[in-house]
Amino acid sequence: MARGRGTLTAPATLAFLAPLAPLPWPAAASAALFQAAGVCASGLGNAFAGTAAVAKDACTVWYNPAGMTRLDEEELVLGFHLSSPAVEFEDTGSRVFFAAPLEGGSGGDAGGIEALASFYYARPLDDRLAFGLGLNRPFALDTEYRAGWVGRYHALRSEIGSVNLTATVGYRFSDHLSVGFGANLSRLDVELARAIDLGSMCFALELAGDLPFGDCDARGLEPQHSDGTVGFDADSTAVGFNLG
C-alpha cells in the first residue's frame with residue numbers, strides 16, 4: 001500500500017505561462033518505480049533473490065540467457081496474477097501559487113488493477129547450445145483519482161504499461177563459462193491526464209492586461225471552480241538486446 005502525506009502547490013498561472021499551461025510538463029521519474037515484480041512466477045517465493053545466477057527454470061530467458069545452458073531439458077513457465085495496489089493521499093495544507101487554500105478532497109484510493117502475465121520457454125539444442133523465448137509485462141502502473149481531488153492540477157489519471165517479446169540463445173564454452181544473447185521487441189503505452197484551473201488562468205490574464213477587466217466574471221470563470229482537463233497519450237516500439 002502506498003500512502004502519501006504532504007503538501008501540493010498548484011502550478012502558477014502567471015500571464016507568461018498561460019500559453020503553455022495546457023501542455024503536460026515533464027518531470028523526472030525512476031523507471032524502477034513502475035517495474036512489475038512478478039515477471040516470473042517461480043521467483044515470487046524468494047523475492048527474486050539471485051534470479052540472474054540461479055537459472056533453475058525457463059525464467060532465465062529473461063534474467064540471464066546464459067543460464068539456459070544449465071537446463072537439462074526443455075521447460076515452459078507460465079504465470080498470471082493481478083496487481084491491485086492501494087494508493088492514498090492525505091492533505092496537510094495544499095495551496096495554490098498565491099498561498100490561497102487549494103480546494104478538493106483526498107482523491108480516494110487511486111490504485112488500479114493490472115493483469116500481469118508471463119511466458120517463458122527454453123530448450124537445449126545439444127549439450128552446449130540452448131534457445132529460448134519469452135513474453136512478459138516488465139513495467140505496469142495505473143492510478144486514477146476522483147474528479148475534484150486536491151491534486152487534480154497535478155494528476156487525474158496516469159497509466160503506463162509495456163509488453164516485451166524476447167528471443168535468446170545461450171552457449172556453454174565449458175563447465176565454468178557460458179554466454180547468452182537476447183533480442184528484445186518492446187512496446188510501451190502511456191496515458192496521462194490532469195485538470196487545468198481555467199479560472200485562475202483567466203484572472204492572471206486580466207491582471208496582466210491581456211484580457212479586459214471583468215471578462216472572467218462575464219464568462220463565469222472562477223478560480224478552482226472552472227476546471228478543464230488535458231490528456232496525453234503516447235506509444236513507442238523499440239528493439240533492444242541483453243547479454244549474460
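## Salt bridges and a covered helix

Arg-157 and Asp-142 are both buried, where buried means under 20% relative accessible area, exposed over 50% and partly exposed in between, with a 1.4 Å probe and protein chains only. The model is a predicted one, in which local features need pLDDT of at least 70 and side-chain atom pairs count only at pLDDT 80 or more, whereas totals for chains, interfaces and linings use all residues. Residues are numbered from 1 along each chain as its sequence is written, and side-chain values use heavy atoms, with hydrogens and water left out.

The protein has 4 helices and 9 strands, these being DSSP runs numbered from the N terminus (H or I of at least four residues for helices, E of at least two for strands). From the N terminus, their order is β-α-α-β-β-β-β-β-β-β-α-α-β. Of the 244 residues, 36% are buried.

A salt bridge is taken as a side-chain nitrogen of Lys or Arg within 4 Å of a carboxyl oxygen of Asp or Glu, and by this rule there are 9 of them.

| Salt bridge | Closest N to O distance |
|---|---|
| Arg-157 and Asp-142 | 3.2 Å |
| Arg-187 and Asp-235 | 3.6 Å |

Arg-152 is buried, at a relative accessible area of 3%, while Asp-227, at 33%, is partly exposed. The pair of Arg-187 in strand β8 and Asp-235 in strand β9 links distant parts of the chain, 48 residues apart, and Arg-187 is partly exposed at 35% relative accessibility.

Helix α3 (residues 198–207) has as its buried residues Gly-199, Ser-200, Met-201, Cys-202, Ala-204 and Glu-206. Their cover includes β8 (177–197) and α4 (215–219). After α3 comes Gly-209, which has a positive phi, near 85°.

For the whole protein, 72% of the contacts (heavy atoms within 4.5 Å) between residues at least 6 apart in sequence join residues at least 24 apart.
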